[in-house]
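Here are my notes on this model, point by point. Please read them with the structure open.

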Amino acid sequence: MTTTTKTIIPEVLSPAGNIAKFYSAMHFGADAVYLAGRKYGLRTSTDNFDRQELEIAVNYAHSLSRKVYVTLNIVAHNNDFLQLPEYLKFINTIGVDGLIISDMGIFGLAKEYAPKVDLHVSTQANITNKYTAKAWIEMGAKRIIPARELRLIEIEELRQSIPDNVEIETFVHGAMCMAYSGRCLLSNYSSSRQSNKGACNHSCRWEYTIKDSKTGEEMIVNEDERGSYIFNSKDLCMIAHLDKLIKAGVVSFKIEGRSKSQYYTGSVTNAYRRAVDFLIKNPNSPMDESILDEINKIHSRGYSTGLYFGRHSDQDFNYTESNSKSQYDVVAIVLDNQNGIPIVEHRNKWIQGDELEVVSPNNTHNTKILVDKMTDMFDSQITVANQVQQHIKLYTDVLLRKGDMLRKKVS
C-alpha cells in the first residue's frame with residue numbers, strides 16, 4: 001500500500017458542546033466541528049443539539065464550505081437501538097458529513113439508514129494496529145481515529161498500510177483520559193454515572209490517599225500534603241509538533257473539549273487555525289512563538305505530548321491539583337457592533353481602567369484595550385461590569401466583530 005504524495009492541508013476539527021460553541025468554532029476558523037444530538041454521544045454534561053439546532057448547524061457550516069460530524073460513539077446496549085434507525089434517517093436527510101462511531105452494531109445500522117454519510121471510526125473503538133483498521137475499512141469506514149495510545153511512528157505505519165482515500169484523524173489538544181482511549185469504569189463505581197454513556201464525573205482526577213485498614217492511618221501516595229492526583233494527566237498539546245503529524249499522514253487535527261467553555265472552544269480553535277496556516281506558508285520553519293504563547297493563555301492542567309513520542313513520564317502528570325488554570329480569564333463576548341460601538345456580553349468582572357486583550361481571528365487579535373468608557377444599553381455610564389450576562393456598550397477605537405472575545409490577565 002502506498003501513501004499519497006500530494007500536499008496535506010490538515011483539517012482543524014473543533015468541539016461544539018452547544019450551538020453557541022459551534023458558532024465560536026466557525027468564527028475562529030474551524031474547518032469542521034464534531035457535536036452530538038441529545039442521544040448517543042459521550043458528553044451528556046453538555047447541552048448538545050436538538051434536531052432543529054443540528055439542521056441549523058449543518059446548513060450554516062455548509063454555507064461556509066465547512067463540515068459537521070455527529071458523534072454516535074457510546075458503548076451501546078440493546079435498548080439504545082430502539083430509536084436509532086429513525087434518528088439515522090434524519091441525519092442522512094439533513095446532510096451531516098460524517099458519523100463518529102465505535103460500536104459495530106451502530107456502524108451497520110448507519111450504513112443501512114444513513115447511506116449518504118461518511119462513517120468515521122471513533123478512538124473509543126481502540127484501533128491500535130493495521131489489521132483492525134483494515135477490518136473497519138472493509139466494512140465501509142472512510143476515516144480512522146486511532147487509539148490515543150499510538151506513537152507517532154505507529155500512526156505512520158498505519159497510514160502506509162491503508163488505502164489513500166481513507167483518512168486518519170488524531171487528537172492534538174485537550175484533556176487526556178487515564179484509561180485506554182477512554183474505556184473506563186471509575187465513574188460508574190464512584191457515582192453510578194456511566195462514563196461510556198457520556199456521564200463521566202472524572203473521578204480519576206479526584207484527590208486520593210491510601211488508608212491502612214487495620215490502623216486507619218491515611219498515607220499520602222506521593223509525598224504531597226495536598227494529596228495525590230494519581231491519574232491526573234496533563235493536557236495534550238501538539239501545537240509545536242503539527243509538522244510531524246502531517247508527515248505521518250494525519251489529515252484532521254482534533255481538539256478535545258465539548259464540555260469546556262465557549263472561550264476555550266474559540267481560543268484553542270484560533271490558535272490551531274493560526275498554527276496550521278503558518279505551517280502551510282512556512283513548512284520548514286519552527287512554529288511561530290506568538291502562537292505557542294497563545295496556547296499558554298488558555299486554561300489547562302499543564303501540557304504534555306501524550307504518547308506520541310513514547311511512554312509517559314512523571315513530567316506528563318499534574319500531581320499538584322486537578323483544576324485547569326490560566327493567567328487569563330475571558331471577561332466578555334462580542335455580540336454586535338452598532339455604528340462602531342461594540343455590544344459585549346459580560347462573562348467575568350472587569351472595571352473601568354482595566355486593560356483587556358482582544359481574541360479574534362482577524363488582525364486585531366491580541367490588541368490591548370484600555371477601558372475608558374462603557375455604558376449599559378440605556379447609555380447610562382457604568383464603571384464596573386459584574387452582572388451575569390449583562391449587555392454593555394464598550395467605547396473603543398479597536399474594531400471588534402461579532403464573535404470576538406475579550407480577556408483580562410488575572411495573575
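1. Strand E4 spans residues 98–101, and both of its faces are covered. Gly98 and Ile100 lie on one side, Leu99 and Ile101 on the other, and all are buried. In a regular strand, side chains alternate between the two faces of the sheet. Keep in mind that this is a predicted model.

2. Which strands pair with E4? Strand E3 (residues 67–72) runs parallel to E4 and is joined to E4 by four bridges. Within that pairing, Tyr69 has Gly98 of E4 as its bridge partner. Strand E5 (residues 118–121) also pairs with E4 in the parallel sense, again over four bridges. There, Ile101 stands opposite Val121 of E5.

3. Is H3 enclosed or open? Eight of its 11 residues are buried, so H3 is largely enclosed by the rest of the structure. The buried set is Leu84, Pro85, Tyr87, Leu88, Phe90, Ile91, Asn92 and Ile94. Their cover includes helix H2 (51–63), E3, E4 and H4. Just after H3, Gly95 takes a positive phi of about 90 degrees.

4. Now Val33, in strand E2 (residues 32–35). How accessible is Val33? Its relative accessible area is 0%, so Val33 is buried. Leaving aside residues up to four places away in sequence, Val33 touches Leu13, Ser14, Ala16, Phe22, Ala25, Met26, Lys67, Val68 and Tyr69. Tyr69 is also the bridge partner of Gly98 in E4.

5. Last, a loop residue. Thr396 sits in the loop between strand E20 (391–395) and strand E21 (405–409). Is Thr396 buried or exposed? Its relative accessibility is 19%, and buried means under 20%, so Thr396 counts as buried. A polar atom of the Thr396 side chain lies 3.1 Å from the backbone nitrogen of Val398. Not counting residues up to four places away in sequence, Thr396 touches Gly340, Pro342 and Ile369.

Notes
Residues are numbered from 1 along each chain as its sequence is written. This is a predicted model: local features need pLDDT of at least 70, side-chain atom pairs count only at pLDDT 80 or more; totals for chains, interfaces and linings use all residues. Side-chain values use heavy atoms; hydrogens and water are left out. Helices (H or I, at least four residues) and strands (E, at least two) are DSSP runs, numbered from the N terminus. Buried means under 20% relative accessible area, exposed over 50%, partly exposed in between (1.4 Å probe, protein chains only). Contact means heavy atoms within 4.5 Å. Two strands pair if DSSP finds at least two bridges between them. A polar contact is a pair of N or O atoms within 3.5 Å; within protein, one must be able to donate a hydrogen and the other to accept it, and residues adjacent in sequence count only if both atoms are side-chain atoms.
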